[in-house]
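Q: Could you take me through this structure feature by feature, giving the general idea each time and then the case at hand?

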Amino acid sequence: MTLIDTILQCRTLSITGTAKNTGKTVALNYLLNQLKALHKVIAVTSIGIDGEKTDQVTQTEKPEIELYEGTLFVTSEYHYRQRQLLSEIIDLSGESTSLGRLVTARVLQAGKVILSGPATTGGVRRVLDRMGEYGVDLTIVDGALSRKSHAAPTVTDGLILSTGAAIAPDLNTIVKKTSELHDLMQLPAYETEKADELLQVENGIFALEDGNPVSLNIPSSLLSDKYKTELFAHGNQLFISGILTDMMLNFLKMQPEAKGCAVVVKDFTKIFVTPMTLRLFQSKGGKLYVLKRPNLIAVTVNPVAPSGFSVSSKVLIEVMERVFEVPVYDVMAGL
């Protein structure tokens, strides 16, 4: 089965990069180009900003996003005005981002665009729900794994993960870091009928009593040490709506309530802890859960890093297939 055959089994798809320069936008452009020939109605959006010609952090050149006629896209007003294509607006959302309202448009003449879509996972879900009204066959969400980008791989039916030489300067470290990510993707799901409700929450820490959320009036896990009394007022089953850091887990493992403590986060993209910190927390009797596990359907690789370091594409594909146990592709090399 080809990569295109695999993704066409989904109605919604996330493409998420493990780091900058791992080939996420290259993979997106490849998919869009292949789908064009199949005459499918495709919609694209992004969490974060994607499609810029130059990376604003590293000042390195980036591949731009090219859309063909008939494709729908969702971006901010700011970046809609910068588009290099002809399009018609079909919806102007009342939902705003820091770059203005969200514009849904249809491409009339092919060209390039910068995508800056919803700022939250809930916003992505609302965009996905609307796409059915426009006869869209597949909606693709472009995202990244970082503290500043709200990746949404568990909101969609499927996930393609882009990784490669940019994450480490040697093959052994690439394998190690990739395996650690795989372990996070395999964390058990927390059983609760309130999962959909909790996935919509954007801020705060909650206690879970019989799976039901109880607000602790703690705005962030970064402030947990200042709310020590409130933290365990309703037991030691905790839901953290934002990111989970080493600081939070190190704090929890030092508490008497650590034994049997269950920490629940939305999904693996919210976890920014080192393997050692997680192991120490678990050794104290703590457990880590996610509300939703990703449906990883494929991995794409970029064997070349901006530094010039590279590995064999075939070797990288072989290693990644052993780690993830899903098909792995190098779309640039046609592998």
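A: Let us begin with a single residue, keeping in mind that this is a predicted model. Ser 93 belongs to strand E5, which covers residues 84-97.

Q: Is Ser 93 buried or exposed?
A: A residue is called buried when its relative accessible area is under 20%. Ser 93 has a relative accessibility of 9%, so Ser 93 counts as buried.

Q: Which backbone atom does the side chain of Ser 93 reach, and with which residues is Ser 93 in contact once its neighbours within four places in sequence are left aside?
A: The side chain of Ser 93 comes to 2.8 Å from the backbone nitrogen of Glu 95. With those neighbours left aside, Ser 93 is in contact with Arg 101 and Leu 102.

Q: What does Thr 104 touch, not counting residues up to four places away in sequence?
A: Thr 104 sits in strand E6 (residues 100-113), and its relative accessibility is 0%, so Thr 104 counts as buried. Among the residues that Thr 104 touches are Phe 73, Val 74, Glu 88, Ile 89, Ile 90 and Asp 91, and the list also includes Arg 130, Met 131 and Tyr 134.

Q: How should I read the salt bridges, and how many are there?
A: Side chains of opposite charge can pair when their charged atoms come close. The cut-off used here is a side-chain nitrogen of Lys or Arg within 4 Å of a carboxyl oxygen of Asp or Glu, and by this rule there are 8 salt bridges. In one of them, the side chains of Asp 142 and Lys 24 meet with an N to O distance of 2.8 Å. Because Asp 142 lies in strand E7 (residues 138-144) and Lys 24 in helix H2 (residues 24-36), this pair ties together parts that are 118 residues apart in sequence. Both Asp 142 and Lys 24 are buried.

Q: Where do Lys 176 and Glu 180 lie?
A: Both are in helix H5 (residues 171-185), and they are 4 residues apart, about one turn of the helix. Lys 176 and Glu 180 form a salt bridge in which the closest N and O atoms are 2.8 Å apart. Lys 176 is exposed, with a relative accessible area of 51%, whereas Glu 180 counts as partly exposed at 24% relative accessibility. A further salt bridge joins the side chains of Glu 197 and Lys 194, at 3.9 Å from N to O; Glu 197 is partly exposed, with a relative accessible area of 42%, and Lys 194 is partly exposed as well, at 30%.

Q: What should the 15 residues of H5 span, and which of its residues are buried?
A: At 1.5 Å a residue, the 15 residues of H5 should span 21 Å, and the C-alpha atoms at its ends are 21 Å apart, which agrees. The buried residues of H5 are Ile 174, Thr 178, Leu 181, His 182, Leu 184 and Met 185. Seen down the axis of H5, these buried residues fall within an arc of 155 degrees, so they line one face of the helix. On the other side of H5, Asn 172 and Lys 176 are exposed.

Q: What covers the buried residues of H5, and which residue caps the N-terminal end of H5?
A: The cover includes strand E8 (158-164), strand E14 (271-272), helix H9 (275-283), strand E16 (296-302) and H10. The cap is Asp 170, which has a side-chain oxygen 3.2 Å from the backbone nitrogen of Asn 172. Met 320, a residue of helix H10, is buried, with a relative accessible area of 0%, and among the residues it touches are Ile 174 and Thr 178.

Q: How many residues does the largest nonpolar core have?
A: In soluble globular proteins, nonpolar side chains tend to be buried together. Here the largest nonpolar core has 45 residues, and those with the most contacts inside it are Leu 231, Leu 244, Leu 252 and Phe 324. Helix H10 (residues 313-324) gives the largest share of this core, 5 residues. Apart from this core lies another, of 30 residues, including Ile 7, Cys 10, Leu 67 and Phe 73.

Definitions and conventions: Residues numbered from 1 in each chain as written. Predicted model: local features only at pLDDT ≥ 70, side-chain atom pairs only at ≥ 80, totals over all residues. Heavy atoms only, no water. Helix = DSSP H or I, 4+ residues; strand = E, 2+ residues; numbered from the N terminus. Buried < 20%, exposed > 50% of the residue type's maximum accessible area, 1.4 Å probe, protein only. Polar contact = N/O pair within 3.5 Å; in protein donor to acceptor, adjacent residues only side chain to side chain. Contact = heavy atoms within 4.5 Å. Core = buried A, V, L, I, M, F, W, Y, C linked by side-chain atoms within 4.5 Å. Expected span 1.5 Å × (residues − 1). Arc of directions from axis to C-beta.
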